[in-house]
Structure formats: structure tokens, C-alpha cells
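Visitor: Please take a close look at the charged side chains of this structure and at how they pair.

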Amino acid sequence: DEYHYLYEKKKESIVKGTGRVKQELLELANTLNMAMINLKEIKEAIAKGNEVILSLNRALDSLSSAEGWGTWDLFGGGLLSDLAKHSNIDYAEAEIENTQRLLRQFKTELVDIDISSDIMIDIDGFSKFADFFFDGLIADWFMQSKINQSQENVYHVRSQVLDIMEKLNQLLEEEESEIQNLKGEIDTLILQS
């Protein structure tokens with residue numbers, strides 16, 4: 001406690017004074033403050049990126065279930081397989097809308113730390129009408145290919161987000177290291193003055 005008290009007193013006396021040491025201390029403190037703000041922005045971007053990944057995984061789960069029901073439908077699964085497939089497609093579409101919203105927020109967070117990204121999920125509407133009313137092999141096969149294409153799109157976006165998340169985690173480590181270095185420089189400057 002006494003050490004901390006004396007340290008703060010010395011720091012206060014440097015800040016109230018004039019000269020090179022005060023200027024160096026203020027510059028280091030300003031740089032540290034900027035690094036802390038950047039660290040906060042990186043953490044916010046990582047948190048939003050994790051939300052995007054979870055949403056993409058939920059969409060993939062629904063699309064995978066729809067694919068399974070679609071395969072069953074190709075082999076004559078009937079109305080039950082149609083309903084299950086379309087229910088999963090509806091869940092996937094709802095989750096992809098959620099993912100789009102999260103991606104916009106993620107991009108905003110990335111702008112805050114000067115990382116730009118062109119992530120977008122492009123999933124066409126599903127052709128339920130043709131599948132329900134022209135329930136034949138061609139309509140089922142077409143629907144199955146749309147599900148597979150949507151899965152590929154989601155996997156692609158997920159891969160992009162994971163790449164960005166890797167960069168963010170690297171930036172996080174670098175920023176934390178920079179903050180520790182700056183704190184060390186400030187301590188050294190105060191103790192040696």
C-alpha cells in the first residue's frame with residue numbers, strides 16, 4: 001500500500017511539473033489510452049463474430065436436417081417428409097436473416113478497428129410452391145440442389161468469418177502485449193525519474 005501511495009505521488013508530481021519526463025509520460029499515457037480503446041473494440045468485434053458463428057452453425061444444422069428430409073423425399077417420403085423439410089428450410093431462412101443482421105453489426109465492429117470485410121450470405125428463396133404442388137422427382141431434385149447450394153454459401157461465409165476471427169484474436173494478443181509494454185514503460189519512466 002505504501003509503495004502504491006508513493007508511486008502515485010511521484011506520478012502526480014511528474015504530471016504537475018514541466019519538462020521532458022512529463023511530456024514522455026503524457027505521450028505514453030495517451031498511447032496506452034488509445035491501445036485500451038482499441039482492445040475494447042477488438043473484444044466487441046470478437047464477441048459479435050462469435051454470435052455470427054453460432055447463428056451460421058444453427059443455419060447449417062437446419063439446412064442439414066432439410067437435406068436429410070429432402071433425400072427421404074427423393075425416395076418417395078411423401079407429405080410428412082415435405083413438411084419436415086420445409087419446416088427446417090423455414091428455420092434456416094429465419095436464422096439466415098438473423099445472421100444477416102449480425103453480420104451487419106459485425107462489419108460495424110470491424111470498421112471500428114479498421115478491418116474491412118465483404119461478407120454476405122446470398123441465399124435465394126426456396127421453391128416451396130413447386131415442391132408442394134408439383135411433387136415429382138424433378139421438383140424434389142431441384143429443391144435438394146437449392147439446399148446444397150445454400151449450405152455451400154453458408155459454409156463459405158462461415159469460413160470468411162472464421163478467418164477474420166483468427167485475425168482478430170491475433171490482434172487481441174498483439175494489443176494486450178502492447179498494453180503491457182506501455183505499462184512497463186510508464187512504470188520505468190516514473191521510477192527512474
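Guide: A salt bridge here is a side-chain nitrogen of Lys or Arg within 4 Å of a carboxyl oxygen of Asp or Glu. This is a predicted model, in which local features need pLDDT of at least 70 and side-chain atom pairs count only at pLDDT 80 or more, while totals for chains, interfaces and linings use all residues. Residues are numbered from 1 along each chain as its sequence is written, and side-chain values use heavy atoms, with hydrogens and water left out.

The structure holds 5 salt bridges. One of them joins Lys16 to Glu12, with the closest N and O atoms 3.4 Å apart. Both residues belong to helix 1 (residues 2–16) and stand 4 residues apart, about one turn of the helix; helices are DSSP runs of H or I with at least four residues, numbered from the N terminus. Lys16 is exposed, at a relative accessible area of 67%, and Glu12 is partly exposed, at 38%. Buried means under 20% relative accessible area, exposed over 50%, and partly exposed in between (1.4 Å probe, protein chains only).

In helix 2, Arg20 and Glu24 are likewise 4 residues apart, and their side chains meet in a salt bridge at 2.1 Å, N to O. Arg20 counts as exposed, with 58% relative accessibility. Glu44 pairs with Lys40, the closest N and O atoms being 2.9 Å apart.

Glu41 also has its place in helix 2 (residues 20–74). Glu41 is buried yet has no salt bridge, and the nearest side chain of opposite charge, Lys40, is 4.7 Å away; Lys and Arg count as positive and Asp and Glu as negative, with His and the chain ends not counted.

Key: Helices (H or I, at least four residues) and strands (E, at least two) are DSSP runs, numbered from the N terminus.
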